Amino acid sequence: MNRKGVYQREERTQIEEQLAILDQCKVCRVALQDKQGLYLVPLNFGYQYEDGHLILYFHSAKSGRKIDALQENSAVAFEMDCAHRLIE
């Protein structure tokens, strides 16, 4: 917390640290928008890091609402769930 009482997120800028975070993540949620409205879908994913480029791979069928939404509007948002545990 800073002096004004506002929480500051820890920023990770080194690619090794970022890849270590990705390795902990099991689920990614991708948000898309189509004519029906917003569409948020959980997906399994993989990634590849080569020559300074990070490529994310998402499990998907070749057709369906997700693919139709991407063809209609390629803007997406995503978040990844990492290091989950139940606190009792």
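Student: What makes the link of Cys25 and Cys82 right-handed or left-handed?

Tutor: The angle about the S-S bond is 40°, and that link is right-handed. Bear in mind that this is a predicted model, where local features need pLDDT of at least 70, side-chain atom pairs count only at pLDDT 80 or more, and totals for chains, interfaces and linings use all residues. Residues are numbered from 1 along each chain as its sequence is written, and side-chain values use heavy atoms, with hydrogens and water left out.

Student: Why is the pair Cys25 and Cys82 called a disulfide?

Tutor: A disulfide is a pair of cysteine sulfur atoms within 2.5 Å. A search of the whole structure finds 1 disulfide.

Student: Which parts does the pair tie together?

Tutor: Cys25 sits in strand β1 (residues 25-34) and Cys82 in strand β5 (residues 77-82), so the parts tied together are 57 residues apart in sequence. Strands (E, at least two residues) are DSSP runs, numbered from the N terminus; helices (H or I) need at least four.

Student: How do you know whether Cys25 is buried or exposed?

Tutor: Buried means under 20% relative accessible area, exposed over 50%, and partly exposed in between (1.4 Å probe, protein chains only). Cys25 has 7%, so Cys25 counts as buried. Cys82, at 28%, counts as partly exposed.
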